Amino acid sequence: MNFFPRLYQKILSPYHYFWAFISALFLGFPGKRIKVIGVTGTKGKSTVVELTNKILEEAGFKTAFLSSISIKIGENLKTNYFKMTMPGRWHVQKFLKNAKRAKCEYVVLEITSEGILQHRQKFIDFEAVVFTGISPEHIERHGSFEKYKAAKMKLFKENQKIHILNLDDKKIEEFLKPRAESKYGFSLRNNLPEMKNIKIIHPSDIEEEIDEIEFKVKDIEFELDLLGKFNIQNALAAISVALSQGISLEVCKKALKKVKGIPGRMETVIKDPFKVIVDYAHTPDSLEAVYKANSKFKKENSKMVCVLGAAGGGRDTWKRPKLGKIAGKYCDEIIVTNEDPYNEEPMKIIKEISGGVEGKKVNKILDRREGIKKALKLAKEKDIVIITGKGCEPWMCVAGGKKIPWDDRKIAKEEFKKI
């Protein structure tokens, strides 16, 4: 299990560093000539990137951002088709170069542990780095959770200007250790112990409705058309970035009010006669957060119908029965189906997930479209259908390196029309 990470460090790491340097050198070190905000963590990165961008735009800045969902430079917004949250070294540096050429004043980058392993974050002077939180993921790739965490930590050790940190995370003490010129912390709790040299923001008067969240920060009322308490944390992260850049809470309020959902992140794609939600959740923590958020709005005698899977190719095989166990805990009807099998046997993955479900019937359906269709047929008026794992990803990755065009949102709408 640990052989590849050790080999990687000895041989491939210097190779990746060399090409990161060559790319930055050839393109004139664009990451040192523009304000860059880096966002890292296991979950919430894409949402924080988009919310931060919206606030910066509202404040009058020309912006660019790169996330697992989209690539934007100024007014030009397009889908990220790389099937990679943080593309390779040349692509990142070229993106920064194009943003600078377009006279963007800020760039917001989603930073992954794989990107850090391959030095894609190098030769960029980050204005601020954001920690959304951490939980086990990519364990096979890194060799252990500790090494995965250490990769994330590098971003904060290497960049010491502004750190923005999720104070509710279990590992926050470790992420507080690296030095920074200034630190901002965000938390859902009001009873935090006093922390020296950290500007803390937390919400009050939280109200969760079926289609929006309301909360206050320092008596400023915020309305957010997103679901789930975890999206308050994502909003607080973006607000913290804004405050670190001298942007007022009033501007943040105006910006966040304009956000009408994040593609593939707790996105409602059908509202009547039952609700259909598509989300990217693919780790145990994020899946439970999605189910918990939606279970609050279940009507009496209604049910939650859940479609889930897990990536193949040996990716985080440990989590498969855990995903099944969580589905069994919250879902009334469970459909386990294909996701991104790569070269792994899809039905093997499905059985490993299903093995974690306790005390409930599982519908094992290999074809993901058929799985979604089954969920829609099982749903009745006022039920909630939750399709997780892929969000708005444009591809399904199968054997032989092939990519099949895909979009859970589109498939759900197509199958809904048929029934």
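Start at Glu 212, which is buried yet has no salt bridge. Its nearest side chain of opposite charge is Lys 257, 4.7 Å away. Keep in mind that this is a predicted model.

**Stop 1: around Glu 212**

Glu 212 sits in the loop between β10 (204-208) and β11 (213-217). Show what surrounds Glu 212. Leaving aside its neighbours within four places in sequence, Glu 212 is in contact with Glu 207, Glu 223, Leu 224, Asp 225, Leu 226 and Leu 227.

Now select Lys 257. Which residue does Lys 257 form a salt bridge with? The partner is Glu 223, and the closest N and O atoms are 2.6 Å apart. Lys 257 lies in helix α9 (residues 249-257) and Glu 223 in strand β12 (residues 220-224), so this pair ties together parts that are 34 residues apart in sequence. Lys 257 is partly exposed, at a relative accessible area of 35%. Glu 223 also counts as partly exposed, at 32%.

Move on to Asp 225, another contact of Glu 212. Asp 225 forms a salt bridge with Lys 260, with 2.8 Å between the closest N and O atoms. Asp 225 lies in the loop between β12 and α8, and Lys 260 in the loop between α9 and β13, so the pair ties together parts that are 35 residues apart in sequence. Asp 225 is partly exposed at 23% relative accessibility, whereas Lys 260 is exposed at 60%.

**Stop 2: the nonpolar cores**

Select Phe 222. Leaving aside its neighbours within four places in sequence, Phe 222 is in contact with Ile 213, Glu 214, Phe 215, Val 217, Ile 239, Leu 249, Cys 252, Lys 253 and Leu 256. Phe 222 belongs to the largest nonpolar core, which has 41 residues. Ile 55, Phe 215, Phe 222 and Ile 239 have the most contacts inside this core. Which helix gives the most to this core? Helix α8 (residues 230-244) does, with eight residues. Apart from this core lies another, of 33 residues; Phe 95, Phe 131, Leu 165 and Leu 176 are among them.

**Stop 3: the nine-stranded sheet**

Switch to a cartoon view. Nine strands form an open sheet with mixed pairing, in the order β4-β3-β2-β5-β1-β6-β7-β8-β9. Find the edge strands, β4 (76-79) and β9 (198-201), each of which pairs on one side only. On average, neighbouring strands of this sheet are turned by 15° against each other, direction ignored.

Zoom in on β2 (residues 63-66) and β5 (residues 106-110). These strands run parallel and are joined by four bridges. Ala 64 has Val 107 as its bridge partner in β5.

Next, highlight Phe 65, in strand β2. Is Phe 65 buried or exposed? Phe 65 counts as buried, because its relative accessibility is 3% and the cut-off for buried is under 20%. Leaving aside its neighbours within four places in sequence, Phe 65 is in contact with Val 49, Glu 50, Asn 53, Ser 70, Ile 71, Lys 72, Leu 77, Phe 95 and Val 108. Its C-alpha atom is separated by 9.3 Å from that of Val 36, 29 residues apart along the chain.

Helix α2 (residues 45-58) lies across β1 (35-40), β2, β3 (70-73) and β5, and runs at about 170° to β5. Helix α6 (residues 145-158) lies across β1, β6 (126-131) and β7 (162-166), at about 145° to β6.

**Stop 4: backbone exceptions**

Most residues other than glycine have a negative phi, and most peptide bonds are trans.

- Asp 205 has a positive phi of about 50°. Look for it in strand β10.
- Asn 301 has a positive phi near 70°. Asn 301 lies in the loop between α10 (284-295) and β15, and is exposed at 77% relative accessible area.
- The peptide bond from Asp 272 to Pro 273 is cis, with omega near 0°. Pro 273 is in the loop between β13 (267-270) and β14 (275-279).

**Stop 5: further along the chain**

Select Lys 296 and Glu 208. They form a salt bridge, with the closest N and O atoms 2.7 Å apart. Lys 296 lies in the loop between α10 and β15 and Glu 208 in strand β10, so the pair ties together parts that are 88 residues apart in sequence.

Then pick strand β15 (residues 304-308), which pairs with β16 in the parallel sense over four bridges. Val 305 stands opposite Glu 333 in β16. Strand β16 (residues 333-337) is mostly covered, with four of its five residues buried.

Finish at Arg 369, Lys 410, Glu 414, Glu 415 and Lys 418, which are linked in a network of salt bridges. The structure holds 31 salt bridges.

Methods:
Residues are numbered from 1 along each chain as its sequence is written. This is a predicted model: local features need pLDDT of at least 70, side-chain atom pairs count only at pLDDT 80 or more; totals for chains, interfaces and linings use all residues. Side-chain values use heavy atoms; hydrogens and water are left out. A nonpolar core is a set of buried Ala, Val, Leu, Ile, Met, Phe, Trp, Tyr and Cys residues joined through side-chain atoms within 4.5 Å. Buried means under 20% relative accessible area, exposed over 50%, partly exposed in between (1.4 Å probe, protein chains only). Helices (H or I, at least four residues) and strands (E, at least two) are DSSP runs, numbered from the N terminus. Contact means heavy atoms within 4.5 Å. Two strands pair if DSSP finds at least two bridges between them. Axes are lines fitted to C-alpha atoms, for helices over the stretch in contact, and angles run from 0 to 180 degrees between N-to-C directions. Lys and Arg count as positive and Asp and Glu as negative; His and the chain ends are not counted. A salt bridge is a side-chain nitrogen of Lys or Arg within 4 Å of a carboxyl oxygen of Asp or Glu.
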